[in-house]
Amino acid sequence: MRYRKIRKMDISNGPGVRVSVFFQGCAFHCKNCFNPETWNFDDGYEFGEEQIQQILDMAQEDYISGLSILGGEPMHPKNIDMTTQLARRFKETFPDKTVWAWSGYLFDSDLKNKEVLAYLDVLVDGVFVDEKRNPNLKWRGSANQRVIDVSESLKKNKIVLYCD
């Protein structure tokens, strides 16, 4: 698996100051995607144990609120195993910090039974739709995307939207 970049202090992808990782590879190719350089699965850099440890080290600071996992597409079949491993290790190390992820795949159909959900606090799901773009939306780019409270949704077995 590959990644595009890791940000030590990101204030735009989730609440507070976060560590963010942008995974490489996406098959959706949304029109006017904000990150088309992440589409090619062969670009970027190798992602493995060294990068997981780097992310955990960056997140040690008290001012870091959590981890944001973006792409590309972190839930693509080529990426989801490493996404799951990263999210699991992060939650084990920092149970009081949040893990947010963005995916074009849908919570209630594509991701419903995936292990990764056990380690996510919030999932922004749905592909970006340029015709539904709205720059005033918080944490998402288009009106079709949902900001989902994952643990509440799993408990209630229905979509519960995140409210901040």
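Reader: OK, what share of the 164 residues in the protein chain is buried?
Author: Buried residues make up 48% of them. Here buried means under 20% relative accessible area, exposed means over 50%, and partly exposed is in between, using a 1.4 Å probe and protein chains only.

Reader: And where do these values come from?
Author: This is a predicted model, where local features need pLDDT of at least 70 and side-chain atom pairs count only at pLDDT 80 or more, while totals for chains, interfaces and linings use all residues. Residues are numbered from 1 along each chain as its sequence is written, and side-chain values use heavy atoms, with hydrogens and water left out.

Reader: How many helices and strands does the protein chain have?
Author: There are 3 helices and 7 strands. They are DSSP runs numbered from the N terminus: helices are H or I with at least four residues, strands are E with at least two. Along the sequence the pattern goes β-β-β-α-β-α-β-β-β-α. The radius of gyration is 15 Å, close to the 15 Å that the globule rule gives for 164 residues, so the chain is as compact as a globular protein of that length. That radius is taken over C-alpha atoms, and the rule is 2.2 Å times the number of residues to the power 0.38.

Reader: What does the C-alpha trace span along its principal axes?
Author: About 40 × 35 × 30 Å.

Reader: Let's zoom in. Which residues of helix α1 are buried?
Author: In α1, which covers residues 49–58, they are Q51, I52, I55, L56 and M58. Looking down the axis of α1, these buried residues fall within an arc of 165 degrees, so they line one face of the helix. The arc is that of the directions from the helix axis to the C-beta atoms.

Reader: Why can residues a few places apart point the same way in a helix?
Author: An α-helix has 3.6 residues a turn, so residues three or four places apart point the same way.

Reader: And what do the buried residues of α1 pack against?
Author: They pack against β1 (2–10), β2 (17–23), β3 (45–46), β4 (64–70) and α2 (80–93). That rests on contact, meaning heavy atoms within 4.5 Å.

Reader: You mentioned α2. Is A87 in there buried or exposed?
Author: A87 lies in helix α2, and at 0% relative accessibility A87 counts as buried. Leaving aside neighbours within four places in sequence, A87 is in contact with I69, V99, V116, Y119 and L120. Take I69: A87 and I69 are 18 residues apart in sequence and 8.5 Å apart in space, C-alpha to C-alpha.

Reader: Switching topic: which two residues does a cis peptide bond join?
Author: G71 and G72, with omega at about 15 degrees. G72 sits in the loop between β4 and α2. Most residues other than glycine have a negative phi, and most peptide bonds are trans.

Reader: So what's phi for H29, then?
Author: H29 has a positive phi of about 50 degrees although it is not a glycine. H29 lies in the loop between β2 and β3 and is partly exposed, with a relative accessible area of 43%.

Reader: What about W139, what's phi there?
Author: Phi of W139 is near 70 degrees, a positive value in a residue other than glycine. W139 is in the loop between β6 (122–125) and β7 (146–149). At 18% relative accessibility, W139 counts as buried.

Reader: Last one: where is E152?
Author: E152 is in helix α3, residues 150–156. At 23% relative accessibility, E152 counts as partly exposed. The C-alpha atoms of E152 and V122 are separated by 9.8 Å, and the two residues are 30 apart along the chain.
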